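Welcome, and thanks for taking a look. Please have the sequence and the model open side by side as we go through a few packing details.

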Amino acid sequence: MNVRFLSLASGSSGNCYFIGTSEYGVLIDAGIGSRTIRKKLKEIGLEMNHIHAVFVTHDHYDHIKSVATLGEIYHLPIYATEKVHWGIAFNKKITEKLSPANKRVIKSRETVKIRDIQVTPFPLPHDATDNSGFVIEIGEMRLTLATDLGAPTDDLRRFVSDSDYLVVEANYDKEMLKNGRYPEFLKMRVSGANGHLSNTDTANLLSEHATSRLKQVCLCHLSKENNLPQLAVDTVSSKLPVDAKVVALPRNESYLIEEL
């Protein structure tokens, strides 16, 4: 089975990921415009009718911008926890509302099956209404996605040890944040226990829990103000105990892994 992963966008201006085959798949988050999603999928030979579901990590706007459009216009089921659905419904930036017919409620650690794709949510600490990471399994392949979290959890540590691919946050460099232009309250939010992972946090996580099963690490949600792609890659690579490829996902451009 030819399994593919596509990052359509990754960063504070929008997040959206596809995982599936050449015939169908699912989206994780929809924080960019629906036309952009359609265009970027078409570049790898997929149409919107190839998308069978959307899974939502949390209810911040850069992750849900087009969720209601995908549900109402394209009739896609939108999977999220009950609290995230509540947050989407009351987000003032979302003018189009998701109808009950297109809502699907998920619970942490309970697996949802979309044809051959198994998706298991797990909780992550972040200052949203609720927040989930996802373990996606297709055949023997396991990919774990963890974005927007202030600290690693036992679930995440376990999944790092047992995944072929990781999409994991490396949001900021500690020195760049400390010496940067953000006001002090925002620096505290970013670096807090319900904020974001730094390059060093992610490097330490992988240094302790990555195993020889790991093939590639995709660093996601890099800050435009407080990080640099090569710096993030170098920091994580320097502590990675296994021979896995490390890349920083572009903020606004696509990145494709063709054969997982």
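Which elements do the buried residues of helix 9 pack against? They pack against helix 8, strand 12 (216–220) and strand 13 (245–248).

## About the model

This is a predicted model, in which local features need pLDDT of at least 70 and side-chain atom pairs count only at pLDDT 80 or more, while totals for chains, interfaces and linings use all residues. Residues are numbered from 1 along each chain as its sequence is written, and side-chain values use heavy atoms, with hydrogens and water left out.

## The buried side of helix 9

Helix 9 spans residues 229–237, and its buried residues are Ala-232, Val-233, Thr-235 and Val-236 (buried means under 20% relative accessible area, exposed over 50%, partly exposed in between, with a 1.4 Å probe and protein chains only). These residues sit on the same side of helix 9 because they cover an arc of only 165° around the axis, taken from the directions from the helix axis to the C-beta atoms.

## Helix 5 against helix 8

Now to helix 5 (residues 154–161), which packs with helix 8 (residues 199–209) at an angle of about 60°, their axes 9 Å apart. In the contact (heavy atoms within 4.5 Å), Leu-156, Arg-157, Val-160 and Ser-161 of helix 5 meet Leu-205, Leu-206 and His-209 of helix 8.

## A loop proline

Pro-250 lies in the loop between strand 13 and strand 14 (255–257). Pro-250 counts as partly exposed because its relative accessibility is 23%. Leaving aside neighbours within four places in sequence, Pro-250 is in contact with Ala-9, Ser-10 and Tyr-255.

How values were computed: Axes are lines fitted to C-alpha atoms, for helices over the stretch in contact, and angles run from 0 to 180 degrees between N-to-C directions. Helices (H or I, at least four residues) and strands (E, at least two) are DSSP runs, numbered from the N terminus.
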